[in-house]
There are 2 protein chains.
Amino acid sequence: MSGVDTEERELGTTFLPRFDAQGLIIAIAVDHATREILMVAYMNAEALEKTRETGLAHFWSRSRQALWLKGETSNNVLRIKEILVDCDQDALQLVVEPAGPACHTGARSCFYRRLEGDVLNRIGE
Amino acid sequence: MSGVDTEERELGTTFLPRFDAQGLIIAIAVDHATREILMVAYMNAEALEKTRETGLAHFWSRSRQALWLKGETSNNVLRIKEILVDCDQDALQLVVEPAGPACHTGARSCFYRRLEGDVLNRIGE
């Protein structure tokens, strides 16, 4: 693990985000009020830095290969309330206050369908 | 998007999981009772198939390059209650009943630390 002790990474107090071979870490945004998962995206080191600096969630778009401020065009920013880190520090949970629907489709959460058999059904909002 | 119409993928009823260049999709396990995020891992097509077949969460380990049944050695399996799919179908939310602590460290959830300034602090369980 890049010279970092596993025990320190898993149980220690030092923030040692573990970016993958593509330089990315998973970031899951959850609503601070309901704890509902709103969306999942990736961050690179710059997106993480900007997020911590501004208090607004920034991500890295793999398809566009660009940094993006969530809500840049829609104004539906995600204000960071707290950041939780998982055991091996390759995933972050962003506890956020959403300014509006988090999904670009207009849904509150991106997870608006349930797999039932082989079919996706819309779930109540 | 590999010949699949974006509108169909985002708003349709057809399950069209979108594996990335490494053949992986993000899977987030949440406790069905509390909706707390327990862990995050990756699935390949086989892990997803096994999960749907058996009703127990299977993942793909990038470090070991192997399929694993969560709980194989610890017995702390994750029983699938439902699977939610996100807008662009590159992430799954597994709503599960955990048989025990989900984290290999013995914590209920892998997200047991909060980033405060530059320091990680353990949060209450």
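Which way do strand β5 of chain A and β7(B) run where they are joined, and how many bridges join them? I looked it up, keeping in mind that this is a predicted model. The two strands run antiparallel, and two bridges join them. On the chain A side the strand covers residues 78-85. I also noted who faces whom: Leu84(A) sits opposite Arg114(B), a residue of β7(B).

**Entry: Arg114(B) again.** I followed the side chain of Arg114(B) and found a salt bridge to Glu82(A), at 3.0 Å from N to O. So much for one pair; next I wanted the count for the whole interface.

Entry: Across the interface of chain B and chain A I get eight salt bridges. Over all chains the structure has 17. One more that I checked is Asp20(B) with Arg62(A), where the side chains meet at 3.4 Å, N to O. Why does this pair link two chains? Asp20(B) is in the loop between α1 and β1 of chain B, while Arg62(A) is in the loop between β3 (58-61) and β4 (66-69) of chain A, so the bridge joins one chain to the other.

**Entry: which parts of chain B touch chain A.** I listed the elements of chain B that each give at least two residues to the side touching chain A: α1 (6-11), β1 (25-31), β2 (37-43), β5 (78-85), β6 (91-98), β7 (113-116) and β8 (119-122). Sorted by class, that side of chain B has 22 nonpolar, nine polar and 14 charged residues.

**Entry: area.** The contact draws 45 residues from chain B and 45 residues from chain A. About 3,800 Å² is buried between the two chains, and carbon and sulfur atoms give 55% of that. In chain B, the residues that lose the most area to chain A are Phe111(B), Arg113(B) and Leu115(B), together 18% of what that side buries.

**Entry: a hairpin in chain B.** I then turned to β3 (residues 58-61) and β4 (residues 66-69) of chain B, which pair in the antiparallel sense over four bridges. Trp60(B) stands opposite Leu67(B) of β4(B). Four residues lie between the strands of this hairpin, and Gln65(B) takes a positive phi near 50°.

**Entry: chain A overall.** I counted two helices and eight strands in chain A. In sequence order the pattern reads α-β-β-α-β-β-β-β-β-β. The C-alpha trace spans about 45 × 35 × 30 Å along its principal axes.

**Entry: the record.** For chain A, an unreviewed UniProt entry lists residues 39-112 as "domain: Phosphoribosyl-AMP cyclohydrolase". I checked that span in the model: its end C-alpha atoms lie 11 Å apart, and it is 14% helix and 39% strand.

Definitions and conventions
Residues are numbered from 1 along each chain as its sequence is written. Chains are lettered from A and ligands numbered from 1 in the order in which they are written. This is a predicted model: local features need pLDDT of at least 70, side-chain atom pairs count only at pLDDT 80 or more; totals for chains, interfaces and linings use all residues. Side-chain values use heavy atoms; hydrogens and water are left out. Contact means heavy atoms within 4.5 Å. Buried area is the accessible area (1.4 Å probe) that two parts lose on being put together, summed over both. A salt bridge is a side-chain nitrogen of Lys or Arg within 4 Å of a carboxyl oxygen of Asp or Glu. Ala, Val, Leu, Ile, Met, Phe, Trp, Tyr, Cys and Pro count as nonpolar, Asp, Glu, Lys and Arg as charged, and the others, Gly among them, as polar. Two strands pair if DSSP finds at least two bridges between them. UniProt positions are given in the numbering used here, feature names are shortened, and annotations may be inferred rather than shown by experiment.
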